[in-house]
Amino acid sequence: MKVLVTGGTGFLGSALVKTLRSAGHQVIFTSRRDENIDNGMYNLGDISAQTNWTTLLQDCDTVIHTAGRAHILNDKAEDTLTEFRRVNHDATMKLAHDAISCNVKHFIFVSSIGVNGNSTSGIPFSETTPARPTSDYAISKLEAEESLLKAFTGSNMGITIVRPALICGPNAPGNIQRLLKLVSRNLPLPFKSVKNKRALASLDNVVSFICECVTNEKSKNELYLLADEVHPSTEEMITAFSTGMGMKARLVYFPKTILKIFLSILGKKSIYDQLFGDLEVDSRKSREQLQWTPPVSLQETMVKTAKYFIEGNK
C-alpha cells in the first residue's frame, strides 16, 4: 500500500514512517525544511490552502495527516486563532480535496483530545462526549474535523479521525518535555499525595493504532479517542520519570489551594489544571471495534522516555 505521511519528520510522523516501512508499505512523507527525494522525503514548506499536493498524491492509497500548527509558547501571532485555522483547517481541507481528486481511498486525520476539552470531573471523555475546545489550537482542530465530515461523508474517500491524549515517548515535545526538565533538576516538587488522573498515550501505541487503521476497513468513517488504559497521577508520572533517570523522586506535600491562588495570580491557572486536575479518556472503542491490542504499557513508556531524555542531556 502507498501511504503519504504529512509532517513525516515530526515526533509522531517520523515514528509512523519507520513503522509503516517496516510493515512493507511504500511510504512518502513531507517536511517543512529538508528534502531527500531518494528517501521519499519532500519539502513543501509551510502548508496552506495554496499548497499543491497532487504530484505527491499520485497512486497513493492512504493519507495520514499529522502536520499542523501546534501549541506555541510565547506565540507572537497577532491573531492566533486565524493562524491556527490557516494551517490546521484550511491546509487540511486543501490536502483532502486534492486527495479525493487523486482517488485516494482513506484520509486519516490526527486531531487532539483537546477538542473534547481540557478537564474531566469523574466522567471520562468518549466518542459521544460533546466537543468543548478551550484553546485556539483545539478549536481549529474541531473545525477541520467538522469540515472533513461535511465534505466527504458518503464519498469514495473514507475519513478516520483520531484524537490522541498527550503523547508520551522518547523526544516528546510540549508538556512532557517541560515535566521531564522539571524532574531532571532533582528539586523537591509539591506533588506528594496528588491523586489526580491524567490520560496519556504511549507513542508506540499511537503508531500501532494508526497503522491498524491503515489496513482495517472498519476504521473508515469513524472517530476514535486514544489513550493508554492507565491514567497516572502527576505524582505517579514524576515517580516513573525519576526511575527512568536513575533518581529517587523528591516529592513533598504542599497545599493545592495555595498553589492554585499563586498560579492564578501569575496568569498560569492552566498549568495548575494540568498538574492537579483530571483528564480521563475512555478509549475502549479503539480496542474493541478494531480488535486492536496496545503493544506497550504506559509505565514502560514513561521510564523509557525519561531514560532517553537524561541520556541525551548528559
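Phe191, Tyr272 and Phe276 form one aromatic cluster.

First, the ground rules. This is a predicted model, where local features need pLDDT of at least 70, side-chain atom pairs count only at pLDDT 80 or more, and totals for chains, interfaces and linings use all residues. Residues are numbered from 1 along each chain as its sequence is written, and side-chain values use heavy atoms, with hydrogens and water left out.

Now the rings. A pair of aromatic rings is described by the distance of the centres and the angle of the planes. The rule here takes rings of Phe, Tyr and Trp (its six-membered ring) with centres within 6.5 Å; planes under 30 degrees apart are stacked, over 60 edge-to-face, and the rest tilted. By this rule there are 5 aromatic pairs. One of them is Phe84 with Tyr137, edge-to-face, at 6.0 Å centre to centre and 70° between the planes. This pair links distant parts of the chain: Phe84 sits in helix α3 (residues 80-101), Tyr137 in helix α4 (residues 136-152), and they are 53 residues apart. Helices and strands, by the way, are DSSP runs numbered from the N terminus: H or I over at least four residues for helices, E over at least two for strands.

The cut-offs: buried is under 20% relative accessible area, exposed is over 50%, and partly exposed is in between, with a 1.4 Å probe and protein chains only.

Next pair: Phe209 and Tyr224, edge-to-face again, at 5.1 Å centre to centre and 75° between the planes. Phe209 belongs to helix α6 (residues 203-215) and Tyr224 to strand β9 (residues 222-226), 15 residues apart. Phe209 has 0% relative accessibility, so it counts as buried. Tyr224 is buried as well, also at 0%.

Two of these rings carry a charge over the face. That means NZ of Lys or CZ of Arg within 6 Å of the ring centre and within 35 degrees of the ring normal. Arg69 lies over Phe84, at 4.7 Å from the ring centre. Lys285 lies over Tyr224, at 5.0 Å from the ring centre.

On to the sheet. 7 strands form an open sheet, in the order β3-β2-β1-β4-β5-β6-β9, with parallel pairing. β3 (41-43) and β9 stand at the edges with a single partner strand each, so one side of each has no neighbour in the sheet. Neighbouring strands are turned by 20° against each other on average, direction ignored. Axes here are lines fitted to C-alpha atoms, for helices over the stretch in contact, and angles run from 0 to 180 degrees between N-to-C directions. Pairing requires at least two DSSP bridges between two strands.

Ser31 has Asn43 of β3 as its bridge partner. Helix α1 (residues 11-22) packs on the sheet, touching β1 (2-6), β2, β4 (62-65) and β5 (106-110), and its direction makes about 165° with that of β2. Contact means heavy atoms within 4.5 Å. In the loop between β2 and β3 we find Asp38. Asp38 is exposed, at 82% relative accessible area.

What about β5 and β6? β4 and β5 pair in the parallel sense over 4 bridges, with Ile64 bridged to Ile108 of β5. β5 and β6 pair in the parallel sense over 5 bridges. His106 is partnered by Gly158 of β6, and Phe107 stands opposite Ile159. In β5, 5 of 5 residues are buried: His106, Ile108 and Val110 on one side, Phe107 and Phe109 on the other. In β6, 7 of 7 residues are buried.

Last stop: Arg163, in strand β6 (residues 158-164). Why does Arg163 count as buried? Because its relative accessibility is 5%. What does its side chain meet in a polar contact? The side chain of Glu145, at 2.7 Å. A polar contact is a pair of N or O atoms within 3.5 Å; within protein, one must be able to donate a hydrogen and the other to accept it, and residues adjacent in sequence count only if both atoms are side-chain atoms. Beyond its neighbours within four places in sequence, the contacts of Arg163 include Ser111, Asn116, Glu145 and Tyr224.
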